[in-house]
Amino acid sequence: MTDQAYNFAYLDEQTKRMIRRALLKAIAVPGYQVPFASREMPMPYGWGTGGVQVTAACLTPEDRLKVIDQGADDTTNAVSIRKFFQRTAGVATTEHTPDATVIQTRHRIPETALKAGQILVYQVPIPEPLRFLEPRESETRKMHELEDYGLMHVKLYEDIARHGTIATAYAYPVKVEGRYVMDPSPIPKFDNPKLSGNAAIQLFGAGREQRIYALPPWTEAVSLDFDDHPFQPSKAPHDCDLCGAADSYLDELITDDLGGRMFVCSDTDFCAGRRAAGHIGRLGAAEPEVVP
Amino acid sequence: MTANISANISADALSGGFAVPPVAAAHAFREVLEAMARPGTIRRVAGAQPPAPLSVAAGVALLTLADGTTPLHLAGAADCPAVRGWIAFHIGAPLVAAGEAVFAIGTWAALQPVARFRIGQPDYPDRSATLIVEVDRLANDGPVLTGPGVEVTARLSLPETAAFRTNRARFPLGFDTIFTCGDRLAGLPRSTRVEAG
């Protein structure tokens, strides 16, 4: 049910037009961060206000919205954003990736391949990949202008010098269509290959930092690396303990104080789908009933 | 006095906007977004009835994207009292010369020379114009498109190729284009490479 006290999808029309113009420029210059006049939202910065504003500007009443937080549909951030749009836009929601037309995500790309007609909206905390290397906006803007990304390679090199390997495990920088270096938001580098050549439209919103950027479908996004230290997507070297998947990104859960632990798919919809199809992992069988 | 005002703002100027603006604009934006994100695809839009010579799609694009904060350039036949009145009532965009425009609308011939339009700055390439180009014919034939948003290749009946090749050569600077024809539109962002078909 739509809350009639608000305009459709919460934001006023003037704000949506401003965001929509920024989105089209972001699509036209893939990987470039377009400044936009981010609004106060009824949730604090850091809870996905950038993603929420992008989603609000894209939603139509016929959309089916999915919201995930680190792959899960049922965590606080995902549940509250989903309810927010149920109330203010009256849109249908789903947890099933193939059924969704708009997916807002915090820090994961769904395991199930996306398709044309879907939009993936990322919540971005720090959109500037060079920010931790150079705090001045005036300087990072100049570096993007001059395509001067040597500093980022120095950072990756120092990783190798110190750890023997590129230790960056999330928010791993990519170069978009051979031009802009882009922060893919704090997704695990396991997800980086899915950024490139994706059939869906990928939109990135950073509310506090007031930036919007985008990857159109079929856009090349190459993870930065060196010839002798090629990029390697990584995951925990286990199978999912619930569904047995060997190729999905895993969360590690501590199960007791004796060192017991289990690895489960971070993407809850993917895991549930596999279990429904009969795949069972190491600990996935139903608990035997305790007979008193 | 009253007679003068009603003569200046014709009844046509007051009609032809979106019936339910939040929903119509949301539908229209998704079509424009898909068109711009997938160069070569042609999308259908509805909801606006702008005065001649503007097409439905051009009116929809303006109602969806332009407002009082976006200077607009009317080129050629689009610069007529009926269109000016309609834009003043529904959109409120200041009408400006080509070099200051965020949006420009007209036929490809009327928009010449396109070098007049803003292409952004090296540090802010987003500060560039979007051209809404009215065409008589919009079809998937002619020049070959490649680049972001195109899986292999696409074709779109562009009015010419040289201007768009020049535009692409300046990437990340450049203008972006929306082609409109009746109630259909297609997008051509500056990132698209164009080859004569």
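Two residues are taken to be in contact if their C-beta atoms, placed from the backbone, lie within 7 Å. The structure is a predicted model, in which local features need pLDDT of at least 70 and side-chain atom pairs count only at pLDDT 80 or more, while totals for chains, interfaces and linings use all residues. Residues are numbered from 1 along each chain as its sequence is written, and chains are lettered from A and ligands numbered from 1 in the order in which they are written.

Beyond its neighbours within four places in sequence, A:Leu23 is in contact with A:Val54, A:Ala57, A:Leu203, A:Ile212, A:Ala214 and B:Leu33. A:Leu23 is also among the residues with the most contacts inside the largest nonpolar core, which has 119 residues. Such a core is a set of buried Ala, Val, Leu, Ile, Met, Phe, Trp, Tyr and Cys residues joined through C-beta atoms within 7 Å; a residue is buried if 20 or more other C-beta atoms lie within 10 Å of its own, exposed if 12 or fewer, and partly exposed in between. The largest share of this core, 10 residues, comes from α3(B). A second, separate core of 12 residues includes A:Leu242, A:Leu250, A:Phe263 and A:Phe270.

The contact between the chains takes 30 residues from chain A and 29 residues from chain B. On the side of chain A that touches chain B, α1(A) gives the most, with 10 residues. That side divides into 16 nonpolar, four polar and 10 charged residues, where Ala, Val, Leu, Ile, Met, Phe, Trp, Tyr, Cys and Pro count as nonpolar, Asp, Glu, Lys and Arg as charged, and the others, Gly among them, as polar.

Helices (H or I, at least four residues) and strands (E, at least two) are DSSP runs, numbered from the N terminus. The axes of helix α1 (residues 13-28) of chain A and helix α3 (residues 21-37) of chain B come within 10 Å and cross at roughly 5°. Axes are lines fitted to C-alpha atoms, for helices over the stretch in contact, and angles run from 0 to 180 degrees between N-to-C directions. The two helices are therefore roughly parallel to each other, a term for angles under 35 degrees, with those over 145 roughly antiparallel, 65 to 115 roughly perpendicular and the rest oblique. Residues making this contact include A:Leu23 of α1(A) and B:Val32 and B:Leu33 of α3(B).

In chain A, seven strands form an open sheet of mixed pairing in the order β1-β9-β8-β5-β4-β2-β3; strands pair if DSSP finds at least two bridges between them. Strands β1 (34-35) and β3 (92-93) stand at the edges, each with a single partner strand, so one side of each is left without a neighbour in the sheet. β1(A) pairs in the antiparallel sense with strand β9 (residues 211-215) of chain A over two bridges, and A:Val34 stands opposite A:Ile212. Chain B holds an open sheet of three strands, antiparallel in pairing, in the order β6-β5-β9.

Several backbone features were also found. Cis peptide bonds join B:Gln112 to B:Pro113, with omega about -10°, and B:Phe171 to B:Pro172, with omega near 10°. A:Tyr10, in the segment before α1 of chain A, has a positive phi of about 70° although it is not a glycine. With 22 C-beta neighbours inside 10 Å, A:Tyr10 counts as buried.
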